[in-house]
Each structure stands twice: as C-alpha cells, then as structure tokens.
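Colleague: Please show me the structure first. Then I have some questions.

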Amino acid sequence: MSFHKQLQRRRTFGIISHPDAGKTTLTEKLLLFGGAIQVAGAVKSNKIKRSATSDFMEIERQRGISVATSVMAFEYRNLKINILDTPGHQDFQEDTYRTLTAVDSVIVVVDVAKGVETQTEKLVSVCRMRKTPIIVFINKLDREGLDGFDLLDELEQKLGLKVCPLSWPVGMGQRFQGVYSLYEKKLVLFRPHGKQSQEESFEINDLQSDELDRMVGEAAAEELREEVNMIESVYPPFNQEAYQQGNLSPVFFGSAINNFGVRELLDCFVEVAPPPLPRATEEREVRPEEDKFAGFVFKIHANMDPKHRDRIAFMRVCSGKFERNTNYLHVRQQRKMKFPNPTSFMAERKTVVDEAFPGDVVGLYDSGNFKIGDTVTEGEILHFKGIPSFSPEQFRYVDNADPLKYKQLDKGLEQLMDEGVAQLFVKEENNRKIIGTVGALQFDVIQYRLEHEYGAKCAYEPLNLHKACWISSDDEKAIEEFRQRRGRDLARDKHGKLVYLAESAWSLKMAQENHPEIQFHFTSEFGTN
Ligand code: G4P
C-alpha cells in the first residue's frame, strides 16, 4: 500500500471523561467492533479506584495495565484506528494533557445522570486551546438522567462547545427504547433480550409516518417528532469542516455497557474524524505527508519487569515512514540511534513493528536516553512544540533517608522526573531539593518506586507553597533585582530555568505588581532546552 494511502487511513484519537463516566467500557466496545479483542473484559480498567489512593500495590498493578493500554489499535472499515489511553485518575492529569498532544481528535464521554463534571471541563479546555476536534458521547441512557436539551446547554455553557446533536434518545432509563440517528436518518431500536441487549435498526425517511407510532408507541413518537423539530430549528446542521477545525462538536447518545449507540458513534467517527494532522515545531510546521520521518516522545513508562530496567518511550510518528533498525537522529542528544525492537502493544500482546506511519505510536525500549518532548528525525533539527509541563501545586522537600544510597536517590529522582511523574526544583539559597506535583498521589508513587526500583530511600518534609511559576525577562537587571528581594523564593528546574516559589496567592500577586518587567509563566514547554 502506498505511503499516501497508509497515511490517509490512520485515525488517532483519545477518549476523555471524568472517572466512571464509561471511558473504559466504551473503549472496549470499540475494540470489540474492530475485532481487536474477542471478549468483553479484555481491557482492564486502567483507573485507580478512589478507595485505593494509598494502596501502592494497586498503583503498581495499574501501571502494568497502563503500558498495555497506552495505545490500542484496531481496523475498521479499512481504516487503522489508534486509541490513545488517558489515565482516569485526576492526580495523573498531566499524563493525560501530554497524551492529548499526540492525538488528532477526541471523544468526550459524559454520564447522562451527572452531566458535565470537573475533570471533563479541564480536559476539554485543553482540547479547545489546541482546536482539537471533539465528539461527545452521552452515556448510560439505560439510567434516568438529565434532560437531553439541558445536557446540550451544559455542554455549551460549561465546556464552551458549539454542539450539533447527531443522534437523539427515544426515552431514557426504563423507557429507553433506542436512538434516532439524525446523521443517517435512521431509527435504531434497542430490544433487551434477557441480559443481552440487541439492536434493530429501521430506516425512517419520514418521521411523520405511522410506522414510527407503531414501533415506539404514540406518546414516544410524538415526543421524538417534537424534539427533532426543535433540534433542527435550534442547532446548526453538521458541517465536517467546522468539526475538523474544532468549532463544532457532534453529540451522540447511547449506553456503552449495552453496546447501544456505539456503532452509530463509530460509523460517524470513521467518516468525519480527521486523518493525521500537521504538528508545530519551533522551526516550522511538520506535515504528515513529508517524505522524511519525524516524531516526538509524549510519554515514558518504566518497564514493569524488575530484571529489565529499560523504559518504554512512546513516540508519535508525525511525518514520513518510521522504520525499524534505521539510523535516526535523537535531536536533544545530537546523536544517531537505531531501534531494533519498536513495539506496539495490544491488551496482553506485544508485537515488534517493522514500520509505522504518521498517526501511529510506537513504543521504543530506552535505557534512559529519552525525556518527554524529545524529537527523533532523519537528521533535521526540529523541536516539537506544545508539550507543556504544568505549574505544580503541591510541594515537599525531599531528603535522602539512607546516606549510603545517595547516588541511587539522585538517579532514581532524575529518571522519574524524565518520565514526567513530578518536577524537581533546586532551591538557589541552599540547594535543597523540592518535588512539585499536580496531585498528591505522586508523592507516594515516587517514594515507593524509589525504594523498589532504585533501592533508595527518601524522606519528605512538608512545604507550604501556593504555586511554582517560571519567570523570565528581557531585562537582566530586573531579574537581578528580583533575586535581591526574593532570593529566598527562587529555585531552578531541571533545565536550569528560574522558578519563583510563591508562598501564597497574595505574594504571587504582589510579586507580579512590584515587578512588571518580569513575566510569570504557568506552563513551561519541555524539550526546548
Ligand atoms: P471510566 O473508565 O470512565 O472510569 O468508566 P468505566 O468504563 O470503568 O465505567 C464506570 C462504571 O459505569 C462501571 O461500573 C461500568 O460498568 C458502568 N457503565 C459503563 N457504561 C454504562 C452504561 O451504559 N450504563 C450503565 N448503567 N452503566 C455503565 P462499575 O460498577 O464501576 O464497574 P464494573 O464492576 O461494572 O466493572
């Protein structure tokens, strides 16, 4: 198959949701349709249950699972579809943000009873910033939930999306009968057969026909007619270009667990979702159809096998064809590297891949050469943009708790920071190390992994800080003045960039007011140094 055809048949997306909305269930149903798995339950839930927040073994088990589910590929209607997994737990949200840099579109799952929840708001705002095309799937229609129109209002108000319903439920909960596909002008009825539910679909050319009353009952038919009328008068018609530019979001309704409404979603997705999109670099835009290969690492995972300390770096191919055993340039290290065993993962299976195309993600075994944001090319110096590190909000001093193991501690900390588990800052005044995270769970993960993977022990000391933010200025003098006045609150990140540790929201505000020549940044891009 030609390079162009390979490229055109890739669709790479992520599913995002607030925990428990049904992301794992929907992923599994999509994989079943694609024949990538044969039985339900093959994709283990990758979420860390709330009750297990301090259970390290649970965290380890989940990490093992999340290697396998990092990217799940399946074939459907002649397309190769890559689903990139995003961790459900909010303490690992940074991982999710980074994964979102490697997708071309997303599906957002919303629980019909809960409506738009906080985590969905945050994740969608990141997608909107990048203009990532979004499809919404309202799940759990087999349960009573919010009114469909109220939900659409929430999507518009809380998520800032311009929506366009492409399917509409007939009833809900006990009265849920099916969905009317506005996209295909088709009624899909849901007929429960004992535990197994089956769907039957009917083409309905005219919603006014008596056929509809016979199928769903007069009351439901009347309601559907009114609602569809309302949708057509209030919401814009679907427009693929507006969707692909991130300006219009189709909405589907269904029940993932019952496999209902999922095929309608998938059938529409494969028709409208974008093929691999160009990516911005510091130097220029990289287009997928270019001959020369370029890709970037968006996730690093420690190997779960304690005998092999290798890590797996997940790289998205952005242009050209990636080939096994070929010399490529590791841009940050300025050296050539070959990858003898690039791997794809699928549930329990691992496969060595000989080639990969734009939109694909390959796992590269790595003995410590990669950092998140690293670029690999055929020789050109490129730095992919937009893989940020976020301003952390939880802090602790980290000290060595075993004097004989300080080397192990340093190495362990360095590697865990490369993986993006947390950020390390070194205070200018006394060289003390500070770990900053977005969520509290990472502190336990770091301590546990330092001990089990590196044989090092660390101790934490509480540190009350409001935020760490990067500072910069064109005026060297301004920085010097800032240092004079607030030297106690300055630290360096791992790239040596200056960081201001603000004790409170008030001190941050004061610092900003008193030092107008200084810029305070709340995200920093990885890989730019
Ligand atoms: P997540 O990955 O977004 O966190 O959600 P997940 O798919 O694990 O689903 C969360 C819970 O919601 C699961 O129940 C799942 O079975 C249920 N669920 C998913 N889709 C539907 C649906 O369409 N209707 C209904 N009624 N429930 C749905 P659980 O009890 O937490 O887990 P499990 O024991 O069933 O695995």
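Colleague: Which residue follows H5 and has a positive phi?

Modeller: This is a predicted model, where local features need pLDDT of at least 70, side-chain atom pairs count only at pLDDT 80 or more, and totals for chains, interfaces and linings use all residues. Residues are numbered from 1 along each chain as its sequence is written, and side-chain values use heavy atoms, leaving out hydrogens and water. Helices (H or I, at least four residues) and strands (E, at least two) are DSSP runs numbered from the N terminus. After H5, with phi near 60°, comes Lys 131.

Colleague: Within what arc do the buried residues of H5 fall?

Modeller: Buried (under 20% relative accessible area, with exposed over 50% and partly exposed in between; 1.4 Å probe, protein chains only) describes Gln 119, Thr 120, Leu 123, Val 124, Val 126 and Cys 127. These line one face of the helix, because the arc (of directions from the helix axis to the C-beta atoms) is 150°. On the other side of H5, the exposed residues are Thr 118 and Met 129. The arc of the buried ones is 150°.

Colleague: Which strands stand at the edges of the sheet?

Modeller: The open sheet has 7 strands in the order E2-E3-E1-E4-E5-E11-E6, with mixed pairing (two strands pair if DSSP finds at least two bridges between them). Each edge strand has a single partner, so one side of each is left without a neighbour in the sheet. The edge strands are E2 (71-76) and E6 (163-165).

Colleague: Which residue in E3 stands opposite Phe 13?

Modeller: E1 and E3 (residues 79-84) run parallel and are joined by 5 bridges. Opposite Phe 13 stands Ile 83.
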